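Let's learn to read a model together, one feature at a time. Ask whatever you like as we go.

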Amino acid sequence: MAIDIKIVEEAKKPIAMHPKKFALWLFIATVVMVFAALTSAYIVRQSNGSWLVFDLPNMFWVNTAIILASSLTMHWAYVSAKQDKIDVTKLAITLTTILGTAFLVGQFFAWGQLVDNQIYLRGKDATAVSGSFLYVISWLHWLHVISGVVVLVVSTTSVFRLKANSKNLLGLEMCATYWHFLDVLWLYLFVFLLLNR
Amino acid sequence: MATTDIHIHSDVHHHGDHDHEHEHHEGNFWTTYIFSQDHKVIAKQFLITGIFWALIGGVLSVIFRLQLGFPESNISWLKPLLGGWITADGKLDPQFYLALVTMHGTIMVFFVLTAGLSGTFSNFLIPLQIGARDMASGFLNMLSYWFFFISSVLMFISLFISTGPASGGWTVYPPLSALEQAISGSGLGMTLWLVAMAFFIASSLLGSINYISTVINMRTRGMSFTKLPLTIWAFFFTAIIGVLSFPVLFAAALLLIFDRSFGTSFFLSDIYINGEPLAHEGGSPILFQHLFWFLGHPEVYIVLLPALGISSEIIATNSRKPIFGYKAMIGSMLFIAILSFIVWAHHMFVTGMNPFLGSIFMLLTLIIAVPSAVKIFNYVTTLWKGNIRFTPAMLFSIGLVSFFLTGGITGIFLGNSAIDIQLHDTYFVVAHFHLVMGSASFFGMLAGIYHWFPKMFGRMMNEGLGQLHFWLTFIGVYLVFFPMHYIGIAGFPRRYYSWTNFDTFSGFTDLNMLVSSAAIATLAAQFIFLFNFFYSMFRGRLAPINPWNATTLEWTTPRNPGHGNWPGEIPAVYRWPYDYSKPGAKEDFIPQTVPYSETPESNLPHETKLIKLESSNGDNAIIVEGSH
Ligand code: HEM
Ligand SMILES: [Cu+2]
């Protein structure tokens, strides 16, 4: 009795990343495009002339320092969660949330300084558009930071409930990615505004 | 005689596999049909909403065509529908005419051909054709539909408010769209438009993010990028274009909202109303056009690419031939996608922009003709000497190729910045984009419905009615849009309420009558489709598992695939999707799930080499199944 042996070739598993992480990156791409559009509109309008040159409020420097520091603590939280140092993680993520909130509050002071410098959302004449751009861009970034702080609060709760550890890092990792992104986005906007006043 | 199969199973872990147990798990009415997270149900929700909007959009266009074709006639019989928008002497209100044109454009471009087309077919086909149980995130997918629904409700409400819906054209250029004093529709109607579009953008982005991450991360074993059907490639590029361009529209809308409601002047300057200057100063309306068309031009490809993908699939299947130039098709779609971001200023040649810049945009624009021609060439060569089956889906796909060609050629005229001075904002442009975008994509959508109806509803649509629908629509479309070229070359501007008031412009009255009559007939023909669609849903002939003898994965699912799509394991894929009429093969198609080892009679030499006994990975188990 003969035996037919049939050999079936192996079907390769295609390359893949975690779909949720990947989706986060795509979301980041959309946010980048919104700000790319706003900053290009800014440049185009500026090149048309009649443009009020403004000084950035000093609080922007302070807030930049705050949000940079928060990125460091965020990274610290991530690294310690990876090594299962629960207490350090708790401390670091709480610090991050506090710093994030400080940034949100600090921006209010920054806008107050702008008003003191007589930069308004709607100014008296054709040159005031520069101020309108400044407010709209920083407000929109601020709204995104709110969403970032909400994510931070969620992550902080999960750390305190001991749900984030080296075995279960996805949430914290995505939180970190988003937070670092918001930091880099602010840096970009800050440097952009500094160079193109 | 005994047969022994040796399967080499790799112990890969597949995302979808744990969902397995959920298959028989029945939800209640609300979770199954309304707040469903199943991609097939969401696809049908998009489809039904899209059809609803297409009807409304079609009716609006017929109303303004009545005005253009029969300006003298008394249309007070429309009073029950339009109420105060019909003047005392039975004429259409001129402001409402502009509202009709605006809403027709908005509805057709965004609600029907973006949400209705991508929403339906990306949702339905991506998981089924790449072999996934569902989308990457069912929840976001559901959210995507409900944002679209909210957007639809707002836009629908705006049709009925007393000041009328937005009336500044679908491109909502300021200052017209920014100032209530300009036209009554720029009041509440425009506000509703902007809010509705914000929801629409959110919906579209959620959808696109999901499509991209599903295509990249959830393909079944063996489904490499070079084995993806062209439909998936097209949906994939479409989603990428959407992710990159819709946020820019959002930015433009945001600045417009500030101008309208918070007194800023991003887009407004030097405006006098009744001799009084407005407070707005220093803005640039051209800036809005740049932002708008940075979305606007990619948007036309968001509308077209899915239709091109659908027709590639249908033409190959129904010619019983492999698609000609699979890689060239992918390459040209990629090239089109890239180019679509750097040609936007061809909509702005006459805004006073630097002629040198104009010639750069002209060059980039004309280059689009190259990948477009590659696609047309490949469609025709696929058809060439095929065993063509003229199913309704096939007819509509061939119709698409025809419109893409006739409409694309006029793009080359318009793309010349000098000729565009004469043609800009005339009926020539209207003819151009209705053929190349409107009709081509619409035909792609209809083709898709006829082709995948059996998978969506488990029944067949009536073929004779489908063919009748095709011929009436195909002839109707050409009768409507072809004469518009002549009207446009003669210099007739678009978005004018009436031409007969000027002697110079009353020359083409008879042609306009023909166009309007054809438009009415074409709309009427769509009711054949509607009847066929709803009747077949309940009474159609039961569909076989694979009615078109197609090769792709969706036809390996049960007649009515449940939640999770495949009752057992997800099939693996071994070959590309276009093995039609392969020389030596037993049948004229070989499904993607058939390994090369089972088709020694038709394998090409390099394919035989792909059959290997030993896997590269030592962890893989060898399972021997046999019987005596
Ligand atoms: C060979 C390729 C093409 C070229 C060179 C081309 C060129 C142009 C140009 C120059 C205009 C502006 C005309 C004007 O306003 O004066 C235009 C308008 C338009 N094109 Fe195309 N086009 C091409 C293909 C397409 C395709 C494939 C689509 C859609 C799928 C499309 C959709 C549109 C639309 C919607 C408008 C008018 C928008 C409006 O003003 O409301 N075009 N095209
Ligand atoms: Cu264009």
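**Reading the ligand site and chain A**

Q: Where does the side chain of B:Arg494 meet ligand 1, and at what distance?

A: A polar contact is a pair of N or O atoms within 3.5 Å; within protein, one must be able to donate a hydrogen and the other to accept it, and residues adjacent in sequence count only if both atoms are side-chain atoms. Here, an N or O atom in the side chain of B:Arg494 sits 2.9 Å from an oxygen atom of ligand 1. Keep in mind that this is a predicted model, where local features need pLDDT of at least 70 and side-chain atom pairs pLDDT 80 or more, while totals for chains, interfaces and linings use all residues. Residues are numbered from 1 along each chain as its sequence is written, chains are lettered from A and ligands numbered from 1 in the order written, and side-chain values use heavy atoms, without hydrogens and water.

Q: Which elements give two or more residues to the shell around ligand 1?

A: Helices (H or I, at least four residues) and strands (E, at least two) are DSSP runs, numbered from the N terminus. In chain B, the elements are helix 8 (285–319), helix 12 (392–414) and helix 14 (427–457). Helix 14 of chain B gives the largest share, five residues.

Q: What other polar side chains touch oxygen atoms of ligand 1?

A: B:Asp420 has a polar side-chain atom 2.5 Å from a ligand 1 oxygen, and for B:Trp170 the distance from a side-chain N or O atom to an oxygen of ligand 1 is 3.0 Å.

Q: Which protein donor does the iron atom of ligand 1 have?

A: Donors are N, O and S atoms within 2.8 Å of the metal (3.2 Å for Na, K and Ca); water is not among the atoms, so sites may look incomplete. The only protein donor of this iron is NE2 of B:His432, at 2.1 Å, and B:His432 lies in helix 14 of chain B. The copper ion (ligand 2) is 4.5 Å from the iron atom.

Q: Moving to chain A, what is its secondary structure?

A: Chain A has five helices and one strand, in the order β-α-α-α-α-α from the N terminus. Residues 59–79 of chain A are 100% helix, with end C-alpha atoms 30 Å apart; residues 91–112 are also 100% helix, with ends 32 Å apart.

Q: How much of chain A is buried?

A: Buried means under 20% relative accessible area, exposed over 50%, partly exposed in between (1.4 Å probe, protein chains only). Of the 197 residues of chain A, 48% count as buried.
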